[in-house]
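The report below describes the fold, the backbone geometry and the ligand surroundings of one protein model.

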Amino acid sequence: MNTVMEQQAPAYRAGEHHSFSSAGVDFWYLVPSGSIFALEGIGKEVLALLEDEALDREAIVQRLLERGYSYDEVSSAIDELIDVDAIASPDGPKQMPPVPLQEFPLQRVVLNITNQCNLACTYCYEYSDDRIAQTAGKQKYMHADIAEASVEMLLQESGSRPNIHVTFFGGETLLNFPVMRSTVTYAKRRAAEIGKQIEFSLTTNATLLSEEIIEFLSQHHIGVTVSIDGDRELNDSQRVFHNGKGSYDVIVPNIKNLLKRHRTNSIGARVTLTAGVSDVRRIYKHLTEEIGFDAAGFSPATASPNRLYSIGPQKMDNVLDQFAALAWEYRDYAIQGRQHGFTNASDTIKELHTGISKAYACGAGLGLLGVGTEGNISLCHRFVDSPVGKMGNIKDGIDHEARKEFLNTHHIGARYDCHTCWARPVCAGGCYHEAFIHTGNTSAANLHYCDWIRGWNDVCLQIYGEIATRNPDFLNRFGEN
Ligand code: SF4
Ligand code: SF4
């Protein structure tokens with residue numbers, strides 16, 4: 001007879017998952033571990049049992065013995081399913097990634113080396129009505145001493161990390177090319193002195209890409225992201241000089257020259273989608289086939305919903321359809337072992353393949369910090385010189401208390417709205433800057449785009465399943481699974 005003192009054997013249920021089918025195979029995306037599990041054989045049968053009811057180990061074994069499996073087969077299948085979190089106790093706590101060490105080593109600094117720009121793009125988060133940076137009265141260009149002190153901070157705060165990275169950003173970054181050039185020379189020398197590998201990248205609008213600058217970028221293996229919104233008509237509807245003239249005819253010859261002469265690091269296009277610029281396939285074709293980019297990525301403009309350029313839910317549904325069509329093209333290439341340049345697909349598939357389970361939505365405040373022209377340190381380049389997301393200054397160093405407070409309040413465990421969402425291992429609540437623009441609170445989850453994020457991740461899971469089934473070797477480029 002059972003007494004209250006006797007221990008009940010734990011009951012198991014199917015773990016938290018998102019199911020999908022691909023290439024004729026049923027898969028589960030296991031939310032706690034971020035892993036992908038092909039349902040087959042005995043494992044599939046155990047999970048089918050536990051989808052409808054909670055059973056203890058003995059009951060599971062009994063049911064499977066009746067179907068002709070041996071005790072050892074069932075027992076080891078149960079152990080394996082527990083190991084990958086495919087089954088769990090229904091009373092167990094919700095599993096969230098652990099909060100990382102508070103002394104997380106820095107990996108990257110983004111230097112906003114100028115807050116000036118020679119373009120006046122309608123949607124720019126630095127100059128539009130949604131701006132949060134307060135640059136009035138601040139220095140327009142970063143001086144070399146601030147940039148060098150930022151490099152020293154990176155070297156010191158990166159702990160035992162062997163590889164570190166400096167990103168140059170603006171305004172228009174190349175308006176302050178002299179400081180970028182001297183900082184690269186300085187940082188290379190200092191990194192070599194203490195035995196670290198250092199890499200560089202910049203974002204530019206391509207208006208100022210002279211022969212001299214291209215030569216420098218190539219010589220120093222600097223990765224380049226070019227902001228461009230498609231063909232002449234689309235690009236010039238948003239990306240204009242201060243006199244209203246479009247930038248396309250100025251930037252395209254520069255970009256072609258860059259693509260021809262700079263072959264030592266990646267050069268990608270970055271497109272901002274707005275109400276009038278959302279034809280993803282037309283833009284992708286133009287950028288890759290007409291201009292010659294190997295890679296292009298897209299993101300919607302960060303905007304309050306009432307802005308004219310805000311893309312709106314209906315257009316976003318259409319964007320998702322176009323993303324899916326391009327992603328299936330990516331699948332076709334992958335099955336043939338060919339590279340496709342749609343970086344939104346390759347980035348997400350890489351995250352799924354490596355089983356990412358994010359504690360934080362991005363590196364801001366964690367491995368990455370932004371620095372403004374006067375040396376103010378911020379969460380990332382978008383918070384530089386704003387009253388939100390301050391993390392100290394170059395003179396006094398990182399404000400470790402502010403950073404600790406940020407990490408405690410922005411962890412996925414603190415974004416309660418996301419706790420029941422299957423897409424949280426990849427999304428983790430989304431960009432803090434976007435959350436601030438929409439809600440006035442950096443720690444709020446970006447609930448305005450959840451359906452979109454889940455739809456996109458579902459497409460990428462299906463594509464992942466197809467590639468994993470039909471050409472698994474292709475996935476080796478993404479590293480360890
Ligand atoms: S923001 Fe939305 S999609 Fe992202 S994890 Fe949270 S609930 Fe899921
Ligand atoms: S907070 Fe947003 S803009 Fe800043 S690094 Fe993260 S994702 Fe990028």
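The model is a predicted one, in which local features need pLDDT of at least 70 and side-chain atom pairs count only at pLDDT 80 or more, while totals for chains, interfaces and linings use all residues. Residues are numbered from 1 along each chain as its sequence is written, and chains are lettered from A and ligands numbered from 1 in the order in which they are written.

**Sheet and crossing helix**

Three strands form an open sheet in the order 2-3-4, with antiparallel pairing. Its edges are strand 2 (17–22) and strand 4 (35–38), each of which pairs on one side only. Neighbouring strands of this sheet are turned against each other by 25° on average, direction ignored, where axes are lines fitted to C-alpha atoms, for helices over the stretch in contact, and angles run from 0 to 180 degrees between N-to-C directions. Strand 3 (residues 25–30) and strand 4 are joined by four bridges in the antiparallel sense, and Trp28 has Phe37 in strand 4 as its bridge partner. Helix 15 (residues 450–470) lies across strand 2, strand 3 and strand 4, and runs at about 55° to strand 2.

**Domains**

The domain assignment, with bounds that come from an automatic or database source, gives domain 1 (2–88) and domain 2 (108–402). The centres of domain 1 and domain 2, taken over C-alpha atoms, are separated by 45 Å. Four residues of domain 1 are in contact with four residues of domain 2, contact meaning that the C-beta atoms of two residues, placed from the backbone, lie within 7 Å.

A residue is called buried if 20 or more other C-beta atoms lie within 10 Å of its own, exposed if 12 or fewer do, and partly exposed in between, with C-beta atoms placed from the backbone. Seven of the eight residues of helix 14 (residues 432–439) are buried, so helix 14 is largely enclosed by the rest of the structure. The buried residues are Tyr432, His433, Glu434, Ala435, Phe436, Ile437 and His438, and the buried residues of helix 14 pack against helix 12 (400–410). Helix 14 is followed by Gly440, whose phi is positive, near 80°.

The residues around ligand 2, those whose C-beta atom, placed from the backbone, lies within 6 Å of it, are Cys362, Ala364, Cys380, Arg382, Cys431, Tyr432 and His433.

**Backbone geometry in loops**

Most residues other than glycine have a negative phi, and most peptide bonds are trans.

Asp85 counts as partly exposed, because it has 19 C-beta neighbours inside 10 Å, whereas Ala428 is buried, with 23 other C-beta atoms within 10 Å. The peptide bond from Gly170 to Gly171 is cis, with omega near 25°, and Gly171 is placed in the loop between strand 8 (163–169) and helix 5 (177–193).

Note on methods
Helices (H or I, at least four residues) and strands (E, at least two) are DSSP runs, numbered from the N terminus. Two strands pair if DSSP finds at least two bridges between them.
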